[in-house]
Amino acid sequence: MFTGIVTDIGQVLELDQRGDLRARIGTGYDVAGIEIGASIACNGVCLTVIALGRAPQNWFDVQISAETVGATNVGGWRVGKRLNLERALKVGDELGGHIVSGHVDGVAEVVAMRDEGDSTRVTFRAPEALARFIAPKGSVALDGTSLTVNEVAGRDFGINFIPHTKTATTWGEVAVGDLINIEIDTMARYVARLQDYA
């Protein structure tokens with residue numbers, strides 16, 4: 001489990017297709033405190049650490065199945081791409097965002113951007129099957145970041161990014177046309193499921 005509060009910006013150092021895709025990710029995390037088998041959310045995708053190292057910088061390797069590549073924006077990763085990182089939640093940690101599983105539901109597209117003061121309003125288009133789970137003032141995880149939805153119009157929804165979020169995550173680099181991992185709010189998923197049986 002995660003909170004959607006990004007704690008590091010990593011960078012893809014290597015990509016290697018060995019049956020599954022293997023990625024080496026540079027990090028500011030102290031790898032001495034990471035165990036093999038630990039879960040780290042990489043742009044919202046919960047991935048398992050399979051190797052660690054410190055040279056030339058701290059890094060960890062993850063193995064990514066074809067299913068995950070096909071269901072997320074991982075297929076668009078390139079060497080040098082920066083990633084929002086979050087280590088798994090520990091008992092007693094502050095829950096500053098919302099409960100995020102790291103199980104990406106699909107990919108949304110950035111369809112518009114405009115500045116509003118120092119903030120940036122970004123409009124996303126959700127996949128048809130996920131749009132009903134997104135509500136104004138509700139939570140959504142986008143590329144692993146817990147965010148509050150401002151408005152919804154059909155499949156489109158808007159998020160306001162304050163300056164802090166743009167500098168503490170990769171959101172300062174977003175552009176129209178980008179494909180973004182989306183994980184809908186767990187509570188919304190269960191409420192919708194209950195309504196299906198009401």
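**Ground rules.** I am working from a predicted model, in which local features need pLDDT of at least 70, side-chain atom pairs count only at pLDDT 80 or more, and totals for chains, interfaces and linings use all residues. Residues are numbered from 1 along each chain as its sequence is written, and side-chain values use heavy atoms, with hydrogens and water left out.

**Aromatic pairs.** I looked up the ring pairs and found 4 aromatic pairs in the structure, where rings of Phe, Tyr and Trp (its six-membered ring) pair if their centres lie within 6.5 Å, with planes under 30 degrees apart counted as stacked, over 60 as edge-to-face and the rest as tilted. I noted Phe124 and Trp171 as edge-to-face, because their ring centres are 5.8 Å apart and their planes stand at 90°. This pair links distant parts of the chain, 47 residues apart, with Phe124 in strand β8 (residues 119-125) and Trp171 in the loop between α3 (163-168) and β13 (179-184). Helices (H or I, at least four residues) and strands (E, at least two) are DSSP runs here, numbered from the N terminus. Both Phe124 and Trp171 are buried, where buried means under 20% relative accessible area, exposed over 50%, and partly exposed in between (1.4 Å probe, protein chains only). I also recorded that ring pairs link Phe124, Phe157, Phe161 and Trp171 into a cluster.

**Charges over rings.** I then checked for a charge over a ring, which requires NZ of Lys or CZ of Arg within 6 Å of the ring centre and within 35 degrees of the ring normal. Arg24 lies over the face of Trp59, at 3.5 Å from the ring centre, and Arg87 lies over the face of Tyr29, at 5.9 Å from the ring centre.

**The barrel.** I followed the strand order of a closed barrel of 6 strands, which runs β1-β2-β5-β4-β3-β6 with antiparallel pairing. The twist averages 45° from one strand to the next, using axes that are lines fitted to C-alpha atoms (for helices over the stretch in contact) and angles that run from 0 to 180 degrees between N-to-C directions. Two strands pair if DSSP finds at least two bridges between them.

- Strand β1 (residues 8-18) pairs with strand β6 (residues 82-87) in the antiparallel sense over 4 bridges, and Ile9 stands opposite Asn84 in β6.
- Strand β3 (residues 39-42) is joined to β6 by 3 bridges, also antiparallel, and here Ile40 stands opposite Arg87, the residue that I had already found over the face of Tyr29.
- β3 and β4 pair in the antiparallel sense over 4 bridges, with Ser39 opposite Thr48 in β4; their hairpin has 2 residues between the strands, and in it Asn43 takes a positive phi near 55°.
- Strand β4 (residues 45-53) and strand β5 (residues 59-64) pair in the antiparallel sense over 4 bridges, and a hairpin joins them through 5 residues. In β5, Val62 is the bridge partner of Val49, and Trp59 is that of Gly53.

**Cysteines.** How many disulfides does the structure hold? I found 0 disulfides, taking a disulfide as a pair of cysteine sulfur atoms within 2.5 Å. For Cys42, the closest cysteine sulfur is in Cys46 at 8.7 Å, which is too far for a bond. Cys42 is buried, with a relative accessible area of 0%, whereas Cys46 counts as partly exposed at 26% relative accessibility.
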